Amino acid sequence: MKAGAVFPAKRRVELVALEEPRISSATQVKLRILEVGVCGTDREICQFHHGIVPQGSEFLVLGHESLAEVVETGPAVGRFRPGDLAVPMVRLPCGHADRAACRGGRADFCSSGDFFERGIKQAHGFMTDFVVDEEAWLNPVPQELREVAVLVEPLTIAEKTLAEIRVIQQRLPYERRPGRAVVLGAGPVGLLGAMALVNAGFETYIYSREVPPNPRADVTAAIGATYISSQMQSAEQLARTVGNIDVVYEAIGASQTAFDLLEVLGANGLFCFTGVPRHGQPISVHADRLLYNLVLKNQAILGAVNAGRDAFDAAVRDLGLFYKRWPQAVRALITGRYPLAEFREPIVVPSGIKNIIVLDGKN
Ligand SMILES: [Zn+2]
């Protein structure tokens, strides 16, 4: 079988031939991969800025956003049967006995940095026909979500962040509404984050470059959020339009725009960073104003990466809710489908909102 892979040392991105994997322990599950989503992380890996091959391999199989069908189970597997749908975890724990997060089942909070990530860091990804994985790393998905469940993994980022928003905003010990949220960026993580915020009761705004009308603004309107182009309103104008900004969910990884928005975060506001910037030139920020606001407005700043099992469970549950509430908008997030043979195209030449690689089991 073939797989989409990157050879960092040779600086090549190409198909490789792999042996079809076999179950080798009682707790394993053999999966047929149905779909793999591609994102900015894959692009960074294919531009050789990011991505580490597994030990002993000269290539890394790509693909961390996936949807799979169970085809075979080891004798000790209890939660899955052939035909079931599953979304595998991306991050696997480090091996250090003294690292509480990884030992406690929360590798997304790994403190050693020695974690593994499927398709990203020292573990092959899912961009191939068959994969064998441990039952413990699989999240069940109902059949009704077959068409859109490849979006579960990008939604987990928002779910992890929302769970943290709920905990952190308990610091405000008075009766309050969810408030007003601004999502920075209208990519898949931003749009899914906006769905999660609307669903959680926030009055939600999306702040993004492209001028409407455009498909991202259409999705925004369909979910009852408001789209504002950064080419039409500065951060200060945005803040006047929105009113007190209670939460910012940053999902673009562009430092200047993020700090411009941090300057207009509201009283008691929480700024959540989820985008990963490329290491570029230093930028200029108005540090006095930022610190002044942080203190005098009781603000908080949070960074969040990856997601634990609770976020995967929440993402499966909420994607089901979004799909019932806004079926067209959820479907509209998937804008391109490519066979494995053309896996490079949507990675190298990004277009649309979310592009996916559709596997057929015959590569
Ligand atoms: Zn760890």
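**Zinc site and helix packing**

At a relative accessibility of 54%, glycine 105 counts as exposed. Glycine 105 is placed in the loop between α2 and β8 of this predicted model. From its C-alpha to that of glutamine 231 the distance in space is 43 Å, and the two residues are 126 residues apart in sequence.

The loop between α2 and β8 also contributes to the zinc site, through cysteine 110. The zinc ion is coordinated by the SG atoms of Cys94, Cys102 and Cys110, at 2.2 to 2.3 Å. Along the chain, the donors follow the spacing C-x7-C-x7-C. Cysteine 94 lies in the loop between β7 (91–92) and α2 (100–103), whereas cysteine 110 lies in the loop between α2 and β8 (116–118); the pair therefore ties together parts that are 16 residues apart in sequence. Cysteine 94 and cysteine 110 are both buried, whereas glycine 105 is exposed.

A helix pair was examined as well. Two packed helices are described by the angle between their axes and the distance between the axes. Helix α3 (residues 152–168) packs with helix α9 (residues 309–325) at an angle of about 110°, and their axes are 8 Å apart. Because angles of 65 to 115 degrees count as roughly perpendicular, α3 and α9 are roughly perpendicular to each other. On the α3 side, the contact involves Val152, Glu153, Leu155, Thr156, Glu159 and Lys160. These meet Ala311, Phe312, Ala314, Ala315, Val316, Asp318, Leu319 and Phe322 in α9. By residue class, the contact of α3 with α9 comprises nine nonpolar, one polar and four charged residues.

Technical notes: Residues numbered from 1 in each chain as written. Predicted model: local features only at pLDDT ≥ 70, side-chain atom pairs only at ≥ 80, totals over all residues. Heavy atoms only, no water. Axes fitted to C-alpha atoms, helices over the stretch in contact; angles between N-to-C directions. Helix = DSSP H or I, 4+ residues; strand = E, 2+ residues; numbered from the N terminus. Parallel < 35°, antiparallel > 145°, perpendicular 65-115°, else oblique. Contact = heavy atoms within 4.5 Å. Nonpolar A, V, L, I, M, F, W, Y, C, P; charged D, E, K, R; others polar. Donors = N, O, S within 2.8 Å, 3.2 Å for Na, K, Ca; no water. Buried < 20%, exposed > 50% of the residue type's maximum accessible area, 1.4 Å probe, protein only.
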